[in-house]
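Here are a few notes to go with the model, written to be read with the structure open beside you. Take them in any order.

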Amino acid sequence: MLRAGNAPLHVNLVTPAGTTQADATAIPSNASLALIVSAGDGTAGIRLPKAVEGKAYLIKNTGGSALLVYPATGDGINAIAVNSALSMAALTSAVIAASGSVTWYTIPLLPS
């Protein structure tokens, strides 16, 4: 188990699904900060909850192919068009944080 200061940091293991924003695996708004995503295959994805300023996730793609990360309907990621997916290369990770109520930003800009 990871720790954040003295508190335990629970890790959610997530399997991506679907091929669109609508059928990607939904991440609940109360999910753990750390998301370990397996089996990225270049077409399956996860869908973030609605952006809320200050909300953040650490996403790790452990799959051998790209993982699609979709925002909630009406939201955007970085400078990508609203409702469009961010493609995370195989074996990369990023922190994704909400700035306001409609935009998520990755740190670093390109997951690495």
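1. A quick word on terms before the strands: two of them count as paired if DSSP finds at least two bridges between them. Keep in mind, too, that this is a predicted model.

2. Start with β3, residues 11–14, and β5, residues 34–37. The two strands run parallel and are joined by four bridges.

3. Now look at β5 from its pairing with β7, which covers residues 56–61. Here again the sense is parallel, with four bridges between the strands.

4. As for β4 and β6, they run parallel and are joined by two bridges, and A26 has R47 as its bridge partner in β6.

5. How many aromatic pairs does a search of the whole structure find? One. It is formed by Y57 and W104, and the geometry is tilted: the ring centres are 6.0 Å apart and the planes are 40 degrees from each other. Y57 sits in β7 and W104 in β12 (residues 103–107), so the pair ties together parts of the chain that are 47 residues apart in sequence.

6. Buried or exposed: which is Y57? Its relative accessible area is 0%, so Y57 is buried, as the cut-off is under 20%. W104 also counts as buried, because its relative accessibility is 0%.

7. E53 counts as exposed because its relative accessibility is 65%, and the line for that is drawn at over 50%.

8. What does E53 touch once its neighbours within four places in sequence are left aside? A98 and G100 are in contact with E53. Check S99 too: the C-alpha atoms of E53 and S99 are 4.9 Å apart in space, although the two residues are 46 apart in sequence.

Definitions and conventions
Residues are numbered from 1 along each chain as its sequence is written. This is a predicted model: local features need pLDDT of at least 70, side-chain atom pairs count only at pLDDT 80 or more; totals for chains, interfaces and linings use all residues. Side-chain values use heavy atoms; hydrogens and water are left out. Buried means under 20% relative accessible area, exposed over 50%, partly exposed in between (1.4 Å probe, protein chains only). Contact means heavy atoms within 4.5 Å. Rings of Phe, Tyr and Trp (its six-membered ring) pair if their centres lie within 6.5 Å; planes under 30 degrees apart count as stacked, over 60 as edge-to-face and the rest as tilted.
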